[in-house]
Amino acid sequence: MKLNVLVIMFLCLMMIHLLSFQSSAIMEGLSTEELTRASNVVMQGEVEDVEVQWSKDGSTIVTRAMIVITDVLRGSVAQRRIIVEYEGGEIGDIGLKVSDMVPLNRGEKIILFLKSGRSRIDGNVYNIVGKSQGKYTIGDDGIATKSGFSIAAGEEVIDNNIPVDELIDKIRRVK
């Protein structure tokens, strides 16, 4: 009987240990053309503010970022400020990390591939197409970079570490 209890305790500890590791989903690479075609809006801008809160039903943590648009590269938006929402974030001691989703950070200059959707909190928002693949961070050197995801196949189609002007030209040429 004592052996069974030890085995059960050992298995429970192993499960806790295995579940505590961070892992990331492995995605198929999406080209700039694929991301553009899947998006309602492709925009360049800056993250003005980031707020983390519980979803309306209290079941998940949601991050909402206020984006100031400096240029609409494809599609159209009615305002120059939009809300982009995604699952994940931290509230107090509780955090939710969504695999292959890179957070938006206040002050960050970005290019985002977006699809309109319903908020998990209230109203309509935009969601990032392709999770981390739909976000470029623009460096002071004028280079657009991606990060935060693993690719199983299609790495060769991903535009990464690309001059911003070249990326914008590629987006605008998509039919």
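This is a predicted model: local features need pLDDT of at least 70, side-chain atom pairs count only at pLDDT 80 or more; totals for chains, interfaces and linings use all residues.
Residues are numbered from 1 along each chain as its sequence is written, and side-chain values use heavy atoms, without hydrogens or water. Local features need pLDDT of at least 70 and side-chain atom pairs count only at pLDDT 80 or more, while totals for chains, interfaces and linings use all residues.

**Cores**

A nonpolar core is a set of buried Ala, Val, Leu, Ile, Met, Phe, Trp, Tyr and Cys residues joined through side-chain atoms within 4.5 Å. Buried means under 20% relative accessible area, exposed over 50%, and partly exposed in between (1.4 Å probe, protein chains only). The largest nonpolar core has 19 residues. I67, I82, V84, L104, L112 and L114 have the most contacts inside it. At least two residues each come from β2 (41-54), β3 (61-74), β4 (81-87), β7 (109-118) and β8 (124-128). Strands here are DSSP runs (E, at least two residues), numbered from the N terminus. β3 gives the most, with four residues.

L114 touches S39, N40, V41, M43, I82, V84, Y126, N127, I128 and V129, not counting residues up to four places away in sequence. Contact means heavy atoms within 4.5 Å. Another core, of 14 residues, lies apart from the largest one; F113, I138, A144 and I171 are among its members.

**S132**

S132 sits in the loop between β8 and β9 (135-138). S132 is buried, because its relative accessible area is 2%. Beyond its neighbours within four places in sequence, S132 contacts D100, M101, V102, S147, G148 and F149. S132 and V102 are 30 residues apart in sequence, yet 5.4 Å apart in space, C-alpha to C-alpha. A polar atom of the S132 side chain lies 3.4 Å from the backbone nitrogen of M101 and 2.9 Å from that of V102. Polar contacts pair N or O atoms within 3.5 Å; within protein, one must be able to donate a hydrogen and the other to accept it, and residues adjacent in sequence count only if both atoms are side-chain atoms.

**Positive phi**

Two residues other than glycine have positive phi.
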